[in-house]
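I opened the notebook to record what I looked up in this structure. The entries follow in the order I made them.

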Amino acid sequence: MSWTPLAKRFADLPLILSGPLLRRVERESVTVWLALKEPCTVTLRVYARNEAGELVEQCEGTRQSIRLGDRLHIVAVTAHTGAEALQWGGLYYYNLFFQTGDVGVHADTPVPATAAHLGTPGVLIADLAGADDLHRLVYPGQPLPSFMLPPEDINLLRIVHGSCRKPHGVGSEMLSALDTLLESAVRQGRQRPQQLFLTGDQIYADDVATPLLFALIDAGGFLLAGNREEVLPGVDVPACDLAPGTRGDIIRYRALFTTTTPRNQLMALAEYAAMYLFAWSDIAWPADLPGIEELWDAYPKTRPHRDDQEQARDEYAAQLEQLAGFRSTLPQVRRALANIATYTICDDHEITDDWFLDGLWCQRVLAGPLG
């Protein structure tokens with residue numbers, strides 16, 4: 001297959017572009033984050049099973065999405081319990097209900113339980129018929145995505161910790177292993193991990209594979225359409241005009257960033273937004289990333305001298321292989337993040353290596369408009 005821009009694939013994508021990501025979970029509240037392809041009012045409903053095995057609603061919350069672009073809308077919706085708090089160590093399930101369009105008309109009105117939800121075709125995945133548990137984001141025998149609250153007994157607390165994550169990194173992608181841990185615990189009826197802490201770089205903005213940056217420029221520009229074009233200060237051009245592989249001098253000598261791999265630095269909000277979507281979900285990924293000839297056709301000045309083209313092709317092909325391995329794990333990553341409370345930080349590589357390292361760094365970089 002050949003490279004297909006997002007604009008030609010978008011109509012076939014489901015409503016949810018990334019997520020649901022289960023975020024802060026307490027006895028009094030549950031928060032879930034989503035990225036959507038159109039504006040929505042979203043209602044989160046949390047359930048517990050009674051003695052008969054039936055799902056009984058415990059709490060609900062409603063939130064309207066926020067527009068980042070004409071085709072990208074995000075929302076973090078929180079359900080509050082009120083007087084009846086959730087139980088320590090309890091197992092709970094959740095569903096999300098969607099009302100598209102007319103956002104702002106009924107801001108506080110819950111979306112009816114008869115509306116489109118995670119089990120509706122076209123919401124979570126385009127074709128739900130025959131979908132397996134993995135792509136429905138549930139574990140075997142479970143009716144919905146679920147989570148456990150931490151237990152009162154700290155000896156039974158199970159925390160998973162992860163650090164940095166780079167799509168073309170050397171070695172095996174390990175966040176997907178959490179999905180295996182969760183599925184095993186559910187199958188065996190053991191107490192499952194209750195919280196995930198990701199205390200490193202969620203993305204590498206300063207070390208992006210060349211074919212991935214090409215795809216991010218395409219996806220970001222399409223998703224954030226309708227906004228005033230972001231022109232980089234001190235450079236006076238939009239980031240999309242700066243080809244993958246050519247950004248090194250601008251990053252190092254104009255922005256004064258300290259990364260050792262500046263040539264593919266993310267520089268626009270659209271690129272950042274697309275990068276996070278690509279890190280957490282496979283929905284927006286193309287079936288095939290652009291080949292090197294497509295890059296050279298789009299940015300003719302990036303085509304190297306004939307004597308250097310073979311080496312460039314080899315390096316590009318190696319990155320494509322690494323990215324294919326990363327992409328193959330994203331269904332497992334997506335299911336895991338939907339089924340465990342996830343807490344993250346922003347580390348330095350999400351901007352640049354050594355970001356805000358000390359006062360001198362800040363004085364140098366923040367003194368210039370691009371930095």
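Does F257 count as buried or exposed, and at what relative accessibility? I had to keep in mind that this is a predicted model. I found F257 at 12% relative accessibility, so I put it down as buried, the cut-off being under 20%.

**F257, surroundings**

I placed F257 in the loop between α3 (248–254) and α4 (269–280). Leaving out residues up to four places away in sequence, I listed I251, R252, Q265, I351, T352, V365 and G371 as the residues that F257 touches. For T352 I also looked up the C-alpha separation from F257, which is 6.4 Å, although the two are 95 residues apart along the chain. I then checked the rings and noted that ring pairs link F257 with W355, F356 and W361 in a cluster.

**Aromatic pairs**

I noted 13 aromatic pairs in the structure. I wrote out two of them.

I marked both F10 and F222 as buried.

**Loop between β8 and β9**

I looked up two residues here, L137 and Q142.

L137 lies in the loop between β8 (116–117) and β9 (146–148). Its relative accessible area is 1%, so I have L137 as buried. Which residues does L137 touch, not counting those up to four places away in sequence? My list for L137 is G19, P20, L124, P145, R334, R335, A338 and N339. I also noted 7.9 Å between the C-alpha atoms of L137 and A336, which are 199 residues apart along the chain.

Q142 is in the loop between β8 and β9 as well. I read 15% relative accessibility for Q142, so it counts as buried. With residues up to four places away in sequence left out, Q142 touches L91, Y93 and V186.

**Whole chain**

I finished with the overall values. The protein chain has eight helices and twelve strands. The C-alpha atoms fill a box of roughly 70 × 45 × 40 Å along the principal axes.

I have 51% of the 371 residues down as buried. The chain exposes about 17200 Å², and carbon and sulfur atoms supply 51% of that area. Of the contacts with a separation of 6 or more, 72% are between residues 24 or more positions apart. For charges, I noted 31 positive and 47 negative, with their mean positions 1 Å apart.

Note on methods: Residues are numbered from 1 along each chain as its sequence is written. This is a predicted model: local features need pLDDT of at least 70, side-chain atom pairs count only at pLDDT 80 or more; totals for chains, interfaces and linings use all residues. Side-chain values use heavy atoms; hydrogens and water are left out. Helices (H or I, at least four residues) and strands (E, at least two) are DSSP runs, numbered from the N terminus. Buried means under 20% relative accessible area, exposed over 50%, partly exposed in between (1.4 Å probe, protein chains only). Contact means heavy atoms within 4.5 Å. Accessible areas come from the Shrake-Rupley method with a 1.4 Å probe; for residues, only the protein chains shown count as cover. Lys and Arg count as positive and Asp and Glu as negative; His and the chain ends are not counted. The place of a charge is taken as NZ of Lys, CZ of Arg, CG of Asp or CD of Glu. Rings of Phe, Tyr and Trp (its six-membered ring) pair if their centres lie within 6.5 Å; planes under 30 degrees apart count as stacked, over 60 as edge-to-face and the rest as tilted.
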